[in-house]
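Welcome! Please take a look at the sequence and structure below, and then read on for a short tour.

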Amino acid sequence: MKGVITLTTDFGTKDEYVGVMKGVILSRNSDAKIIDITHEIEPFNVEEAAMIIERAYRYFHERSVHIAVVDPGVGGKRKEIIVFANGHFFVGPDNGIFSFPLKKAKGAKVWEIEREKLNVSEISSTFHGRDIFAPSAALLSLGVHPSKIGRPTNEFVIIKSLFPKEEENELKGKIVYFDKFGNAVTNIPNSYVEGDFIELEGITLKFSDCYEEGEGVFAVKGSGGFVEISSKMKDVREVLEIKKGSEVRCPMKRN
């Protein structure tokens, strides 16, 4: 397989933005295979986008190119970057959206995109997805080395609050976002959890093996690799007064 490019944005589908990005990619690589991960990230929620990318990219073959555009700082001082980590390319703004591959992958490499190398006649100050990230991804999908697009850099943004803190024998994390079904997705990795209970804002919740078997409000080890707080066939926010950022604690597994 060659030329796989994924898209993750907060653009939605009402406007032309997603379609235009695909047009730019295909104008440079007509054989590109473009996969939409989602365009329904909560507007400006970089942390949610970072989690979605972490949950999704590993299901694509190596050398895939993952564009992520949730970019409240577009047109400002933040850089545009290419990341190579775990055999995958990531293209987007340097605002922490690639925090997981940058922090977790051994030997991750980063290049700052040099706009003059993209052969784009005019670059908008408000649509870098079209004018910078789509052309960069298309070039990568054709086998162009990142050094032909940008210069190496050791300075990049990682959102530290995306990673749970270790406090003695427990992990302190938070709710990062709510999915379509009203499940609260936390930043606690399933693999770190010890025991059958988790604490949410002082409330103790029991783990269930699946959504069907859960009673009341419960925790599950989600398919995306992170603990979720759920209520059977309900938006959990209808049952508990919780929100993005609500604190979650659990005993931590020791290796």
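A residue is called buried under 20% relative accessible area, exposed over 50%, and partly exposed in between, using a 1.4 Å probe on protein chains only. This is a predicted model, where local features need pLDDT of at least 70 and side-chain atom pairs count only at pLDDT 80 or more, while totals for chains, interfaces and linings use all residues. Residues are numbered from 1 along each chain as its sequence is written, and side-chain values use heavy atoms, leaving out hydrogens and water.

**Cysteines**
- C250 is buried, with a relative accessible area of 1%, whereas C210 is partly exposed at 30%.
- There are 0 disulfides here, a disulfide being a pair of cysteine sulfur atoms within 2.5 Å.
- For C210, the closest cysteine sulfur is that of C250, 20 Å away, which is too far for a bond.

**The sheet**
- Seen in order, the 7 strands of an open sheet with mixed pairing run β2-β1-β3-β5-β4-β6-β7.
- Strands (E, at least two residues) and helices (H or I, at least four) are DSSP runs numbered from the N terminus, and two strands pair if DSSP finds at least two bridges between them.
- β2 (33–38) and β7 (150–152) are the edge strands, each with a single partner, so one side of each lacks a neighbour in the sheet.
- β1 (residues 4–9) pairs with β2 in the parallel sense over 5 bridges, and T8 stands opposite T38 in β2.

**Helices on the sheet**
- Helix α1 (residues 17–28) packs on the sheet and touches β1, β2 and β3 (65–69), where contact means heavy atoms within 4.5 Å.
- The direction of α1 makes about 160° with that of β1; axes are lines fitted to C-alpha atoms, for helices over the stretch in contact, and angles run from 0 to 180 degrees between N-to-C directions.
- Helix α2 (residues 46–56) lies across β1, β2, β3 and β5 (88–93), at about 125° to β2.
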